[in-house]
Amino acid sequence: MEKQLHLNLLASRPPMAGGFQSGSKMKMGPGRKKDFSPLPWSHYFETMEDVEVENENGKDIFRIYCSGSHGPVLLLLHGGGHSALSWAVFTAVICSRINCRVVAMDLRAHGDTKVKNPDDLSADTMAKDIGKVVEVLYGDNPPPIMIIGHSMGGAIAVHTATANHVPSLLGLCVIDVVEGTAMDALNSMQNFLRSRPKTFKSLENAIEWSVKSGQIRNIESARVSMGGQVKKCEESTSSPGVSKSIGEGIIEEEEDEEGEEESNKKRMKEDDQEIKKESIFTWRVELSKTEKYWDGWFRGLSALFLTCSVPKLLLLAGVDRLDKDLTIGQMQGKFQMQVLPQCGHAVHEDAPEKVADALATFMVRHKFTEFKEGFLC
């Protein structure tokens, strides 16, 4: 069942042994229920900005979150359906470990990024997006950049590196995405997507579901990152037919007084519908509609990863995820690998400290940066 997680298209599943039971009272200490209220991005990132990228159809606007003022840039790419906010807790931790700058980016059609063609999620297009954003941010003289990608973002990181869209590339870190298991999971992916809740009554409800289902096992990360996965519904919970019948009733009224009364009733109903609209949340990305791109994200990924000439780090939630090409490559010392057990697929959310420690150690070993003064590794 773990195989379907490699797309980062996680489905609802029964709580694991020792996990939260849906009917139980979840507490933090005596008499305290768990807090599922959302947390703001500003608790973890220093700045938020929108980057405008010119293309043949006009302008695309990419949302980025940043921290740090000196050192190499860590360019963070999230998984399918997620957003840059999935890196929030990790960002706060890594910035306390090493001298670095962080740029976490909402990929096209995700989070708060707005592009002219959100339906094009091909690996080639998304990789070019990365290069364009880097160019706008840093011009012709970009600083040393290490790309770190999770799941779909890991695949896009590899495609970006091999296409040389980031000429100042320092290193590459891919988190829990392996071609073999990802390709094996594609046939069953739609079933898992269908099993997820379609809507949530509130953002708090979505956060609670993400923790109870095991999608995100770190409640702090869930509280800041789920806001990037779901949005308020644009459609009213009332059916169009009801609204239409109210409108027809008003049109048929002939007396002004009665017409005004009906108009007031209509406004009241519309206000009620607006309240309902604001209290229902749904997924920002319809992942089932991205199926035609899945194969292109992952096919040939292991070979591409191995051909990248920069130092490489592969972080996995389980050693069983290695396919044949990567097993051979790892034995030949072509990349560094670390397994972080007791994590779900969202490794950087479930265990941000462990991921930060692994990445910091890797970067210092390769002399990409130094530990911050006073930090004991």
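The chain has 14 helices and 11 strands. Both are DSSP runs, numbered from the N terminus: helices are H or I with at least four residues, strands are E with at least two. Bear in mind that this is a predicted model: local features need pLDDT of at least 70, side-chain atom pairs count only at pLDDT 80 or more, and totals for chains, interfaces and linings use all residues. Residues are numbered from 1 along each chain as its sequence is written, and side-chain values use heavy atoms, with hydrogens and water left out.

Now the sheet. Eight strands form an open sheet. The order is S1-S2-S4-S3-S5-S6-S10-S11, and the pairing is mixed. Two strands pair if DSSP finds at least two bridges between them. Which strands are at the edges? Strand S1 (47–55) and strand S11 (336–339), each pairing on one side only. From one strand to the next, the twist averages 20°.

Look at the S11 end. Strand S10, residues 312–316, pairs with S11 in the parallel sense, over four bridges. Leu315 stands opposite Gln338 in S11.

Next, two helices. Helix H2 (residues 123–138) lies across S1, S2, S3, S4 and S5. H2 runs at about 110° to S1. Helix H3 (residues 152–162) lies across S3, S5 and S6, at about 145° to S5. Angles run from 0 to 180 degrees between N-to-C directions; axes are lines fitted to C-alpha atoms, for helices over the stretch in contact. Contact means heavy atoms within 4.5 Å.

Last, the whole chain. Of its 377 residues, 52% count as buried, that is, under 20% relative accessible area with a 1.4 Å probe, protein chains only.

How values were computed:
Buried means under 20% relative accessible area, exposed over 50%, partly exposed in between (1.4 Å probe, protein chains only).
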